[in-house]
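I opened the model to see how its secondary-structure elements pack and to look up a few individual residues. My notes follow in the order in which I went through them.

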Amino acid sequence: IMDSEMRLAFAYAKKARDAKNKNNTKDFELYKQKAVEKIKSGDSDPNNTKLSENLSWMLPLALNRKAMTLELLQYLGENTEDPDYYFEQALNLSKIQNINVQPFIIFHYSTFLMKTGGNTQNITSLLQQIVQYKDTSDVTAFKEFTKNAYKNNEVINIQDLDALAKIYPP
């Protein structure tokens, strides 16, 4: 349930952003409130998800999605919990569980840090971890991007990260 609720929360937050961009105050407030409600609903389930053998692998993804939603809600002016905490939790749990979602979490966490003025060395260190993963269809684009960026001594910027988001949308 937690993963589903966080997916819905993120979808509502994106709808709120779109409504705000269209100056539709009524829909903006409605979708923002629905996103907050879905986060609360998902927060009531983490222990059940964690304890279920069939669902525990979803917890890092759900925490990552929660962090992404909190980040978007903050951008929209909502006072929320710290997304950084949930990105860290998602990344740490994915490493403990040894599931192959770390590149996606690293990508979203790095994007968040870039947007919030995070330390460039920390961001680079995170992104370099992607290069160390085996070649799978899930991480090939991440690996190639980071290899080329570091090989050419390029600075990784938001435009580059946004280009990756278009390849692997959240």
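This is a predicted model: local features need pLDDT of at least 70, side-chain atom pairs count only at pLDDT 80 or more; totals for chains, interfaces and linings use all residues.

Entry 1, a helix pair. I began with α1 and α2, which are roughly antiparallel to each other, the term being used for angles over 145 degrees. Their packing angle is about 165 degrees and their axes lie 8 Å apart, where axes are lines fitted to C-alpha atoms, for helices over the stretch in contact, and angles run from 0 to 180 degrees between N-to-C directions. I noted the crossing of α1 and α2 as left-handed, that is, with the near helix turned anticlockwise from the far one by less than a right angle. On the α1 side the contact (heavy atoms within 4.5 Å) includes Met2, Met6, Ala9, Tyr12 and Ala16, and on the α2 side Phe28, Tyr31, Lys32, Ala35 and Ile39 are among the residues that take part. By class, the residues of this contact of α1 with α2 divide into 12 nonpolar, two polar and eight charged; Ala, Val, Leu, Ile, Met, Phe, Trp, Tyr, Cys and Pro count as nonpolar, Asp, Glu, Lys and Arg as charged, and the others, Gly among them, as polar.

Residues are numbered from 1 along each chain as its sequence is written, and side-chain values use heavy atoms, with hydrogens and water left out.

I found nine helices and zero strands in the protein chain, both taken as DSSP runs numbered from the N terminus (helices H or I, at least four residues; strands E, at least two). Of the 170 residues, 42% are buried, meaning under 20% relative accessible area with a 1.4 Å probe, protein chains only. Among contacts with a separation of 6 or more, 60% are between residues 24 or more positions apart.

Helix α1 (residues 2–21) and helix α4 (residues 59–75) have axes that come within 9 Å and cross at roughly 20 degrees. That makes α1 roughly parallel to α4, a label for angles under 35 degrees. This crossing, too, is left-handed. Residues of α1 that meet α4 include Phe10, Ala13 and Arg17, and Leu63, Lys66 and Leu73 are among those met in α4. The residues of the contact of α1 with α4 divide into 13 nonpolar, one polar and seven charged.

Is Lys32 buried or exposed? I found Lys32 in helix α2 (residues 25–43), and it is buried, with a relative accessible area of 11%. Leaving aside neighbours within four places in sequence, Lys32 is in contact with Ala16, Leu73, Leu76 and Glu78.

I looked up Thr111, which lies in helix α6 (residues 102–115) and is buried at a relative accessible area of 9%. Its side chain reaches the backbone oxygen of Phe107 at 2.9 Å. For Phe112 and Asp84, which are 28 residues apart along the chain, I noted a C-alpha separation of 8.0 Å.

Technical notes: Angles under 35 degrees count as roughly parallel, over 145 as roughly antiparallel, 65 to 115 as roughly perpendicular and the rest as oblique. Buried means under 20% relative accessible area, exposed over 50%, partly exposed in between (1.4 Å probe, protein chains only). A polar contact is a pair of N or O atoms within 3.5 Å; within protein, one must be able to donate a hydrogen and the other to accept it, and residues adjacent in sequence count only if both atoms are side-chain atoms.
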